[in-house]
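Thanks, everyone, for making the time. I would like to walk you through a few local details, so please have the picture in view.

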Amino acid sequence: MTKVSDPVEASKRFGTCELKHKMTWATVENCREFFQTMAIKHKFSTQQVRNDRERYILACKDPSCEWTITATLTRKNMHTFVLRNYNDEHTCEASVKNKFTQARAPWVAQALENKMREHLDYRPKDIQAEIVFQYGVSISYWIGWNARTLIFEVINGNYEGYRLVPEMCRQIIKSNPSSFAKHFVNEKNQSFIGVVVAFKSSLDGWLNGCRPIVGLDGCFLKGKCHEWDSPSWFLHMQRGEWGYMEAVPM
Ligand SMILES: [Zn+2]
């Protein structure tokens, strides 16, 4: 029995994508990724006959072809999918064109996420080369570009998260009274600059148990949005409304 449990490692572990009766996948996403990879490797295209929480049924895109698979959710843990039925014989002809149909940016992103975490400097053309090397599939520059964007969103988060910061600060103060939670935005364009959070219990512990000296290490947050010089912001905080301590030049 083949068991695929780690989605990131999945594409490497699929190997030649052989089907075995009652083989399992940890989630329906793993199951989908397996058959997408299989279609690319075996040069055919699939169409979904059913794709819901309990059943995943695929057929070959050629309506005259008899290739089909049925995987269903097991009641055991409510996330494992098991291969119930399959006919792995294609009566259609494999086509090189079919490789391109399946190799879109989300698939490329999933296939190379792990590799990209080790090589953050990969450019779209490196992604193109890696996909040719691993899967024998040529992808366009723009699929490589989009896949790169998707992978960086998984690694770094996307812009959506910044919109939640003001509410996060309000909720911190509401549920931890007398704590400090404040975010800073660029006044010109309202873009995110930084956020400072200090919980009341930590502040009390610090005021009661420590001398009022804070050592600041240079920590410059450099991301796709901004550069944030945290020491200068921290000092700005304590000089201003916070006022818990005096700055001591060292
Ligand atoms: Zn077929």
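Predicted model: local features only at pLDDT ≥ 70, side-chain atom pairs only at ≥ 80, totals over all residues.

Residues are numbered from 1 along each chain as its sequence is written.

Helix α4 (residues 105–118) packs against helix α6 (residues 141–156) at an angle of about 60°, their axes being 8 Å apart; helices here are DSSP runs of H or I with at least four residues, and strands are runs of E with at least two, numbered from the N terminus. The axes are lines fitted to C-alpha atoms over the stretch in contact, and angles run from 0 to 180 degrees between N-to-C directions. The two helices are therefore oblique to each other, since angles under 35 degrees count as roughly parallel, over 145 as roughly antiparallel, 65 to 115 as roughly perpendicular and the rest as oblique.

Lys 22, between α1 (7–13) and β2 (24–25), has a positive phi of about 65° although it is not a glycine. Lys 22 counts as exposed because it has 10 C-beta neighbours inside 10 Å, where exposed means 12 or fewer, buried 20 or more, and partly exposed in between, with C-beta atoms placed from the backbone. Met 78, in the loop between β5 (68–73) and β6 (81–87), also has a positive phi of about 65° without being a glycine.
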